Amino acid sequence: MAALFRSIRIVALLALCAGPLAAQQWLNAEPNPKTNKSNFRAIEELPSPNEMRTASGAPGPRYWQQRVDYSIKASLDTTIHTVTGSERVTYHNNSPDRLDYLWFQLDQNIDDPTVSRAIRDAAALPKQISPQARRFLLPEPFDGGHKITRVQLVTTRGRVVQKTDVPYSINGTEMKVTLPAPLASGAKVAVEIDWHFIVPETSRNGRGAREKVKDGWLYEMAQWFPRASVYDDVNGWQTDQFYGQGEFYLNFGTYDVELTVPHDHIVQATGVLTNPLAVLTATQRQRLAQALTSETPKFIITKDEVMTPGTRPAGSGPLTWKFHADSVRDFAFVSSKTLVWDAAGYRYRPGSRVIEMHSLYPRDAMPLWDSVSTRAIAQTMRTYGRLAFEYPYPKASNIHGPVFGMEYPMIAFCGARPAADGSYTPQLARALISVTIHEVGHNWFPMIVASDERKWTWMDEGLNSFLQYYAEKEWDPAYPSNRGPAKNIVPYMKDADQVPIMTESDYIHRQFGNNGYGKPAAGLVMLREQVVGPRLFDEAFASYSKRWAFKHPQPGDFFRSMDDGAGELLNWFWRGWFYTTYANDQAVTSVEAQPADSLVGNSARGKNYYRITVENKGGLLMPVQMQISYDDGSSELVKLGANVWRRNELSYIYGFFTDKTVVKVVLDPDEVFADVNRDNNSWSAGPAPTS
Ligand SMILES: [Zn+2]
């Protein structure tokens, strides 16, 4: 998702606990070259490699994962804002284990008044909260949550289908369905579940919600049906509760979903529409076919056509929209009568398959959305396609509504909206570009490279923010990217109360956006541009992405894949940047010269020998770059690797011969290493002595 609403919460909390930051904690770093606690050492926290996950970071020969297929029929009642659904879940046990029960995620239960106190953070409110923060910190109570009305096991013998009730129990947002007989390894089971829930108003958790826009209600439906939890080789059943911050972790499978909505609604969803004849007019089908022939967006429903009878097939009753999706881990949709719709087609090469790109938005979102959204989807296809892998799905949509920024397979929600009079600032336009790239980009991480995002925020948000930075640069080389440049993470690196990136999502207690998005993105940019180099980095990164596409990587799989592909052990970097809160503070503490011939007998290598002492005051190991300026007006940029700290992590002396006289030394002159204290980065020769 996009981290804005988290930062709203954080602003509110900061208002409560603002005060001088504690003493600069990074000064307590204790890299000790005299013990075996070298920060270059192997990372003890990494699990041992095994036949599921190899030492090279790839899936092993015995890697397995579960498969879960869904067939869902649901209807939306707009008079009582309720979704009622019935699903058949076919669970394939590919694990080597026998399963006595299945777990399901009931994320809507975060709004169930009978369980919400146990789930929601009931901490006392700050003394002042902004109206935006109020809906997160103090949401209106309502009768939310998944109401489960039927859970049955389906057995088929020949033509006889038998359905029998099975016991289930609910713990917060998790539901356990106990099987009458254990599910053997390699076997499958079908379970049917009926449920309904009231759609919450506004974006209470930054996920699905309904909103009354100018023309009427708009429903962005997400985390809306009981979804099987993941059983894997690392967690067994991953039963982490949904507290609202940690996103979700789901299985791949096939989805067939039938959505019955009011006649005047337009629906867009995960998957391909399989019954366009029933729900689109002949004009719309023609326009769509035409739109997909080029990357230039064309309207399927114009602003002036919204809610006119001609935009809907003849008749009056509810219409059922049918979608099919393969190899997806979730399903989301939008339904509303208020939607303008533009579309275009993307091709990686002339003549290659067409990827459908759709943008749907109420008139409130114009004039901005029609000129930006679909183009930003195309930019995402281009950049992510090059740096990770080509988009494998047949379509990608971007939807405007109450959710500020959230991602699901093939469909993204983005809330950037012009003012009521249609005006917008350059910042708002950039919010739409950035959030669209970000949420569409999430198709790669974590919708396809399907990490456990309820635990590890950085594995999807960090990697995604990293690629987002390059997509923004390609959109406009002068784009003022927020996340990616090392400089922009400096204020966070000074935060004495931060936690390591390797902290499970629900326990990142402050600065969630900087921790899970900004710092990993800045670190990967640093690694690419300054440490490994773009060519090898890109090969390693693409290799990780392809190895784990449609699979479930863990943190160690990423670190190992990158080491493997980059051709060097990056333990010092992973440890420092991901496992600690050390900051980079390099200081130039002395510059000494001696006549060269006193060292080597002749001055063939230069008249002077210089020693420049650089001290590591922050604990974080980083390469050393210094701009050395000479008395003749020339200067050079010296780039040294982090390996200079191997023998002594606190102090390093760089030595060199020169005929010239050094007049100035500046560490990290291009601000590419997030040095938190630049006051000690420079040394200048005093004024020349007067004779
Ligand atoms: Zn995100």
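E407 sits in strand β23, and among the residues it touches (heavy atoms within 4.5 Å) are M1, E247, E439, H442 and D460.

This is a predicted model, where local features need pLDDT of at least 70 and side-chain atom pairs count only at pLDDT 80 or more, while totals for chains, interfaces and linings use all residues. Residues are numbered from 1 along each chain, and side-chain values use heavy atoms, leaving out hydrogens and water.

On to the sheet. It is open and mixed, with 8 strands in the order β5-β4-β8-β2-β1-β14-β18-β16; strands are DSSP runs of E, at least two residues, and two of them pair if DSSP finds at least two bridges. At the edges are β5 and β16, each pairing on one side only. β16 runs antiparallel to β18, joined by 2 bridges, and V272 stands opposite H324 in β18.

Then the helices (DSSP runs of H or I, at least four residues):

| Helix | Residues | Among its contact residues |
|---|---|---|
| α11 | 512–532 | L524, L527, R528 |
| α12 | 534–547 | P534, L536, F537 |

Their axes, lines fitted to C-alpha atoms over the stretch in contact, come within 7 Å and cross at roughly 135°. That makes α11 oblique to α12, the class left after under 35 degrees (roughly parallel), over 145 (roughly antiparallel) and 65 to 115 (roughly perpendicular); angles run from 0 to 180 degrees between N-to-C directions.

Technical notes: Lists of a residue's contacts leave out its neighbours within four places in sequence.
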